[in-house]
Amino acid sequence: MKRIGVFVCHCGINIASTVDVQKVAEEVGKMPGVVFATDYIYMCSDPGQALVREKIREENLDAVIVAACSPNLHESTFRTAAGEAGLNPWQLEIANIREQCSWVHSDREKATEKAIRIVKAMVEKTRLNESLDPISVPITRKALVIGGGIAGIQAALDIADAGYEVILVEKEPSIGGHMAQLSETFPTLDCSQCILTPKMVAVGKHGNIELMTYSTVEEISGYVGNFTVKIRRKAAYVDWSICTGCGQCTEVCPAKVPSSFDRNFSTHGAVYVPFPQAVPNKPVIDREHCIHFKTGKCGLCEKTCEIGAIRFDQEDQVFRREVGAVVVAAGYDTLPLSELKEYGAGRVPDVIDGLAFERLLSASGPTNGEIRRPSDGKVPKEVVFVQCAGSRDPERHKPYCSKICCMYTTKHALLYRHRVHDGQPYIFYIDIRTGGKGYEEFYHRAEEDEGIIYLRGKVAKIFRDGAETVVWGTDTLTGKNVEIRADLVVLATAVIPRKSTARLVRKLHIQAGPNGFLAEAHPKLRPVESINSGFYLAGAAQGPKDIPESVAQAGGAACKVISLFSRNRLEQDPAVAWVDEDLCGGCRICISVCPYDARKFDEEKGIAVVNEALCEGCGSCVAACACGATQQKNLTDVQIKNMITASLGGK
Amino acid sequence: MSKTSLPPPENLPMRLTRDTVSEGFKKRVAELSGQNPDSCYQCGNCSSGCPLACEMNILPSRMMRLVQLGQEETVLESGTIWICASCFQCTVRCPRGIDIQSVMDALRQIALDLGTDHFGPDQVTPEQAATVPQPGLVSLYRKLST
């Protein structure tokens, strides 16, 4: 029989105030095989860990139970300590008597009885634990970064600068993302493109970065350290390997296509470069709008291109790449105006969104930075900004705060005031949130020195009255309703995940939260990692974020990748699924339930096998297996039955 | 049966234009007081510390707000400016350093310029005339009449 030691933690008063820890140690100490049982005030402290090590040696323990907090917190702490004392780490188990007992009960007597049963159940489990060795897997030191906005750019540069190869995949023809569309950035009013384009150029030139624009990730398989990705590059109908980027084709193209980069305020040809600073600065042909593709005629671009780079016969290409880690920086979108019925659903002229106003402000935008309203090109003198347009509205739109709007709307109003000196900006808000360095000061400057009128209240309705756009709102600070006849209305529409993010989540087998943003492994302590090993998150795809936060998170994600790549091999938890080959009937139910593609059918043997490197030990296949052939290591059916018996007070 | 008619609307929406929120009345208040009304961020500290707030129909912080939006009529019709004791509690408490008492002074000045006295000999009872110290009566005349 195994010699078992039990250590019961007080966790200060967290456990000891509700559970009689001495009694727990005493009762469990009476179990057969339990040769040592004690309680201690802080097991996770250095002396606490030293006690575990000391008793393993002194009492010659074969297994150890630490009755304390959740294994999420300190399982690895104590397993490391056990390993140091010569005990196989998988012979140590945590009995959770804090989260699952002391914190949720108040009756001391009953809580103590429950704690005793929890620990006893764990003793029964541990009796049958096998000694395991971590699974060691090789690692491909190459990263995939999905998304070429500022977050993806930063992550790619940081990983590449550390000496590792990076593949940066962007679905648009150029990297740059939304940041390339912005005019100035809050609160310093740096020109957005001026600070972004050097980074874009650095990506284009970096020897360690393979830039794949106009491309999407089709499929990914494998596991941390060893992924295989399929990347589809859309046909650009231009041979980029010989194109010099002279731009002559874009000048002769007679088609007129609304520019999504300019929020439809301008047009470009069917063959186009999305904006002058694009990286790579090579055109693509929009097949849908190209006259040649529609009628078989035209071909002006082909005739103009002296080096013959136009290739109407080009096809999509699919590339396979091996990578060890993936950074997901898929970016964000904004709620379409059509969703906001109360604000005219995009049908009232001169009601635009924040990104559109950025293009009006931008020196390289459709109006060269002059503020002219879209309907008639007039300079607007009364401009109303509406915050929380679709945010903080759980009944009709999005329940969350979009976070960036308070600051960018203040910036919009301030820049408008600088361009139109006799113009009056009004900002309707619910709360002003300025939690960032220099943000509060920026807001006060706008309010105090720039004559921007802040009105505390949500706008109820925006409608057309003859030739005028009327805004109905309120100012709760005076207790009066407000009516403004506006020349231009700018809606700070809610930040939402891109439509493609949901597809990406399915392809990558990662998780998204209830609002569609990517889910992090822990909201506080693991904010740049996905729950799935090898996937890291950066930028607004994880939640609304401004530029400094996106850059910081991207740097954090890059560091995680670099730290992963700094190891020779990866070690994984060996407590995974295991198949009794004699019992397996080859029904393949396990393959259909496995969320990690870890179960495969072995045609030769006629059974379903486990890829240990892929298996996360979730237990789905164990539960599904009809004949009990699949067992989880150290959590076999027999162990579970024994635990249940102990939990019910048996034995 | 007599027809009952609705009372005239009392709470019409404010029609805000760039003139109301930046020119005219608001500019005049800023000039007379030497204070920037837009500095106020509506924390309410002036109102919560005002010893006469219980007597006012519009609290000092809301007076500041109405000035920010150029709501001349509402401000001048309010009894607040005449109830204000000029005790400077609001001024010393303001986290934005606004001399709110000077704003109140400016508002009284504008109201008095329109030609209405808010204090006169007929409002002093013989008893008060006999008991209130003369400097007190003089300062009341100076503060509340033209």
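The centres of domain 1 and domain 2 of chain B, taken over C-alpha atoms, lie 24 Å apart. Those domains are residues 18-115 and residues 117-146 of chain B. The bounds come from an automatic or database domain assignment. Four residues from domain 1 of chain B and four residues from domain 2 of chain B make the contact. Contact here has a cut-off: the C-beta atoms of two residues, placed from the backbone, lie within 7 Å. On the domain 1 side of chain B, the classes are two nonpolar, one polar and one charged. For the classes, Ala, Val, Leu, Ile, Met, Phe, Trp, Tyr, Cys and Pro are nonpolar, Asp, Glu, Lys and Arg are charged, and the others, Gly among them, are polar.

A word on the source. This is a predicted model, where local features need pLDDT of at least 70, side-chain atom pairs count only at pLDDT 80 or more, and totals for chains, interfaces and linings use all residues. Residues are numbered from 1 along each chain as its sequence is written, while chains are lettered from A and ligands numbered from 1 in the order in which they are written.

Now the interface. How many residues of chain B are in contact with chain A? 19 residues of chain B, and they meet 16 residues of chain A. Three elements of chain B give two or more residues each to this side: β1 (14-15), α1 (18-22) and α4 (60-68). Helices (H or I, at least four residues) and strands (E, at least two) are DSSP runs, numbered from the N terminus. By class, the chain B side has seven nonpolar, seven polar and five charged residues. There is strand pairing between the chains too. Strand β26 of chain A, residues 480-486, runs parallel to β1(B), with two bridges. Pairing means that DSSP finds at least two bridges between two strands. Opposite Glu483(A) stands Arg15(B), in β1(B).

On to chain A as a whole. The C-alpha trace of chain A spans about 90 × 70 × 40 Å along its principal axes. Chain A holds 17 helices and 34 strands. Of its 651 residues, 48% count as buried. Buried means 20 or more other C-beta atoms within 10 Å of the residue's own; 12 or fewer is exposed, in between is partly exposed, and C-beta atoms are placed from the backbone. Among contacts in chain A with a separation of 6 or more, 69% join residues 24 or more positions apart.

Chain A divides into domain 1 (4-132), domain 2 (143-214 + 498-565), domain 3 (248-304), domain 4 (333-495) and domain 5 (573-633). The centres of domain 2 and domain 5 of chain A, over C-alpha atoms, are 35 Å apart.

Next, a sheet. Five strands of chain A form an open, parallel sheet in the order β10-β7-β6-β18-β29. β10 (209-212) and β29 (535-537) of chain A stand at the edges with a single partner strand each, so one side of each has no neighbour in the sheet. On average, neighbouring strands of this sheet are turned by 20° against each other, direction ignored.

Look at β6(A), residues 142-146. Are its residues mostly buried or exposed? Five of its five residues are buried. Side chains in a regular strand alternate between the two faces of the sheet. Lys142(A), Leu144(A) and Ile146(A) sit on one side of β6(A), Ala143(A) and Val145(A) on the other, and all are buried.

β6(A) pairs in parallel with β7(A), residues 165-169, over five bridges. There, Ala143(A) stands opposite Val166(A). The chain gets from β6(A) to β7(A) through helix α5(A), residues 150-161, in a right-handed β-α-β crossover. Right-handed means that, with the strands pointing away from the viewer, the path from the first strand over the helix to the second runs clockwise. β6(A) also pairs in parallel with β18(A), residues 325-328, over four bridges. Here Leu144(A) stands opposite Val326(A), and Ile146(A) has Val328(A) as its bridge partner.

Last, a second sheet. Its five strands run β20-β27-β21-β22-β23 in chain A, open and parallel. The edge strands, β20 (351-353) and β23 (453-456) of chain A, pair on one side only. Neighbouring strands are turned by 25° against each other on average, direction ignored. β21(A), residues 382-389, and β27(A), residues 488-493, are parallel and joined by five bridges. Val386(A) has Leu491(A) in β27(A) as its bridge partner. Helix α11(A), residues 405-419, lies across β21, β22 (424-429) and β27 of chain A, at about 175° to β21(A). Axes are lines fitted to C-alpha atoms, for helices over the stretch in contact, and angles run from 0 to 180 degrees between N-to-C directions.
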